[in-house]
Amino acid sequence: MSQRMARQCTSAGIAIVLGLQSLIAFKIPCPPKAIESLSHLRVCCPPTLWPFLDYNTYVAPHYEGEVVNRTVVVGIPQKGKPITLRSRDLGISQRQLREKFVPAVRRGNRESVRTMLRHFDKQKRRAPLNSIQLENWPLKVSSDKEVLASRRMGRRLELESAPSPTSLETAGY
Amino acid sequence: MPRAEHHADRSWGARWNAYWFRPAPFVDLAVCRLLVVGFQFFVLLFPTLLLKYPPYTMFDHYAALPDDSYHAPLILNLLMLPAGWGARPPLELLQFVYAATIMVGVPAMLGWWTRTACLLFASGNLFMSAYAYSYGEYHHIEALTCLFLTFLAISPSGAALSLDSRRRTRKQPAVPQATHGELAHWPRLLLQWLFSLMYLSGAALKLFGSGFDWLNGFTLQYYLLQDAAFWDCSLGISLGQHHGLCLALTWFTLIVEGLFFSVLIWPRTAWFFVPAASALHLGIYATMRAPFFHYLPLFAVFVPWSRVFEWLARWREEKRRASLLVAESGQSAAAHQ
């Protein structure tokens, strides 16, 4: 291929890449759903033309006083004080804790929870757990120093006893 | 200069060519190849080390999903065209592509049959990421890397620092090898444009979506606390308790994103914007656990590597001369005694 031909082909490629990225980046073929009058222009939304994407992330505004829920897993041992269970205590990733462990506790799936607690049980100097309690430790968006809002109890799953799991207060998170 | 020739030089075509096809050192592009291909090769080998949702470890999960949840991006349909438009890749094919992409990563990095290896490496990465994003959820992390890998495949990225260039030198030792080429500049420049468009899109859509409310500091504080709470990141939670800091970070984010395109107009501003954007991504990871590590090797396109190497060579030469001088003066002092 001659140098001139290579330049022409490359120029066409550059123009296509820049054109596509410019259109997608500013949502031209995918205006926001909120603007109903432009709904007929929603012809090509991400990721249809991936790897050409818009960067429409974290765009919604938030204001003082809003609350962010934070689910915390608390283990209640047979003896001693309750302990906060983090993903590393269970030998699983944070994603697995959020997507597998917490839903299993919410559903009352005792077998699944026990399986995931095996790593914790193996550790020495750890008292065996009697039950697992989900708690919400919400964080308040605020200009004050204090961002912790009042805690709420959620689902509690007894690990040893046969009866079905009890719910002290279903907080809906 | 004659009037007609002067006029011709100022035509749009000539300006375009002068902008995109200005002769540039092959080394600059080759270093980018080494870093970007090397990084992606590392990610393929150890996917869970840097990524939260590595597409390459979830093929079994995706393959088990029903057909009606599969909506392939255009690029995947094009890559699957031999099997028919809209064909869904089977698990075995995905596993084969994963293994084959890792294998071609080595020659792509070392520059052996560079164009072919880079083309296969880019296609494999495009294929796997596009497949992973065919089920509704998608992420931004690999998009620019996949595009740049494609640019490397169609540019002379193996003309320096490669086994190909060594082979050529050995075959024709008498022929001096070219150090510059007019097709060596555009891949780096085009990626700089894509970075600028990406950041401008981020800033514009934030302001379009929230107006100036995005600048209230509470918006960033909310997202910081939300992601830090989700990923159990204590640094994010503790920083999220300082509204003043969140307000400063809001302005910093918007200035970096909104003005990053300055690097195209005044390249020297890259000295500020590239470290600032790197700090932004590292900070986002430290506090919100969003792993945009892929951008760090891609930022190599802003570095004039040939000049860095020249400077290093000069510095080494000066150091050698200085040590020689010290040795000589030591010898003469000993001779006098």
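Visitor: What's the handedness of the α9(B) and α11(B) crossing?
Guide: Right-handed. Bear in mind that this is a predicted model.

Visitor: Where do those two helices sit in the chain, and at what angle do their axes cross?
Guide: α9 of chain B covers residues 143–153, and α11 of chain B covers 186–210. Their axes come within 10 Å and cross at roughly 160°. Angles over 145 degrees count as roughly antiparallel, so α9(B) is roughly antiparallel to α11(B).

Visitor: Which residues of α9(B) meet α11(B)?
Guide: Leu144(B), Leu147(B), Phe148(B) and Phe151(B). On the α11(B) side, they meet residues including Trp186(B), Arg188(B), Leu194(B) and Met198(B). The residues of this contact divide into 11 nonpolar, no polar and 1 charged.

Visitor: Over to chain A. What's the strand order in the open sheet?
Guide: β3-β2-β4-β6, four strands with antiparallel pairing. The edge strands are β3 (83–85) and β6 (152–158), each pairing on one side only. Neighbouring strands are turned by 35° against each other on average, direction ignored.

Visitor: How many bridges join β2(A) to β3(A)?
Guide: 3 bridges, with the strands antiparallel. In one case, Val73(A) has Leu85(A) in β3(A) as its bridge partner.

Visitor: Which strands does α3 of chain A lie across?
Guide: β2, β4 and β6 of chain A. Helix α3(A), residues 94–107, runs at about 60° to β2(A).

Visitor: Back to chain B. Is Ser165(B) buried or exposed?
Guide: Buried, because its relative accessible area is 12%, and the cut-off for buried is under 20%. Ser165(B) lies in helix α10, residues 163–171.

Visitor: What does Ser165(B) touch, leaving out residues up to four places away in sequence?
Guide: Gly158(B), Ala159(B) and Ala160(B).

Methods. Residues are numbered from 1 along each chain as its sequence is written. Chains are lettered from A and ligands numbered from 1 in the order in which they are written. This is a predicted model: local features need pLDDT of at least 70, side-chain atom pairs count only at pLDDT 80 or more; totals for chains, interfaces and linings use all residues. Side-chain values use heavy atoms; hydrogens and water are left out. Buried means under 20% relative accessible area, exposed over 50%, partly exposed in between (1.4 Å probe, protein chains only). Contact means heavy atoms within 4.5 Å. Two strands pair if DSSP finds at least two bridges between them. Axes are lines fitted to C-alpha atoms, for helices over the stretch in contact, and angles run from 0 to 180 degrees between N-to-C directions. Angles under 35 degrees count as roughly parallel, over 145 as roughly antiparallel, 65 to 115 as roughly perpendicular and the rest as oblique. A crossing is left-handed if the near helix is turned anticlockwise from the far one by less than a right angle, and right-handed if clockwise. Ala, Val, Leu, Ile, Met, Phe, Trp, Tyr, Cys and Pro count as nonpolar, Asp, Glu, Lys and Arg as charged, and the others, Gly among them, as polar.
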